[in-house]
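Thanks for coming. I have one structure to go through today, so please look at the screen.

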Amino acid sequence: MRPTQPLYRRLRRLALTTKQVNGGFYKGTGSGSMGRHTKHGDYVIEWHKVRTYVVPHQLKDFKLTPFVTRNMEPLKGNFEGDKKGGLSGQRYLDHWKRENGVD
């Protein structure tokens, strides 16, 4: 059974999978390696493989803007009476029960 012509055109526009092409095709994730594994199980970073991004020198005169505003104040949590602060598991569970109403 073969697909109809309009359906076949739509199928050709989709991304290829490893099952549709010959052996040796590897899609990957685009992440690339930044080092290598040693025989002892360590990982050695090879600095010539690490990506570096060049930031413009004059950011105040730069025409493109970031997605986050530069005028935002940093938010600080209020964790009075809790010695673990924001890392308290009990505080998280209490908040979850308050939001969801389920035990």
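I will start with the overall fold and then go through a group of charged side chains, a surface patch and the last helix.

First, what you are looking at is a predicted model, in which local features need pLDDT of at least 70 and side-chain atom pairs count only at pLDDT 80 or more, while totals for chains, interfaces and linings use all residues. Residues are numbered from 1 along each chain as its sequence is written, and side-chain values use heavy atoms, with hydrogens and water left out.

The overall fold. The protein chain has two helices and two strands, in the order α-β-β-α along the sequence. Helices (H or I, at least four residues) and strands (E, at least two) are DSSP runs, numbered from the N terminus. How much of the chain is buried? Of the 103 residues, 4% count as buried. Buried means under 20% relative accessible area, exposed over 50%, and partly exposed in between, with a 1.4 Å probe and protein chains only. The chain exposes about 11200 Å², and carbon and sulfur atoms supply 56% of that; the areas come from the Shrake-Rupley method with a 1.4 Å probe, and for residues only the protein chains shown count as cover. Among contacts with a separation of 6 or more, residues 24 or more positions apart account for 0%. Contact here means heavy atoms within 4.5 Å.

Now the charged group. Glu46 is in the loop between strand 2, residues 43-45, and helix 2, residues 89-100. Is Glu46 buried or exposed? Glu46 counts as buried because its relative accessible area is 17%. Leaving aside residues up to four places away in sequence, Glu46 touches Met34, Gly35 and Arg36.

How many salt bridges does the structure hold? There are two, a salt bridge being a side-chain nitrogen of Lys or Arg within 4 Å of a carboxyl oxygen of Asp or Glu. Arg36 forms one with Glu46, with the closest N and O atoms 3.0 Å apart. That pair links distant parts of the chain, since Arg36 is in strand 1 (residues 35-37) and Glu46 is in the loop between strand 2 and helix 2, ten residues apart. Lys49 also forms a salt bridge with Glu46, here with the closest N and O atoms 3.3 Å apart.

Next, the surface. Met34, Tyr43, Ile45 and Trp47 make a nonpolar surface patch of about 460 Å². Patches are made of residues with over 30% relative accessible area and no salt bridge; like charges are joined within 9 Å, and nonpolar side chains (Val, Leu, Ile, Met, Phe, Trp, Tyr) within 5 Å. Trp47 lies in the loop between strand 2 and helix 2 and is exposed, with a relative accessible area of 65%.

Last, helix 2. At 1.5 Å a residue, its twelve residues should span 16 Å, and the end C-alpha atoms are 16 Å apart, which agrees. The expected span is 1.5 Å times one less than the number of residues. Just after helix 2, Gly101 takes a positive phi of about 70°.
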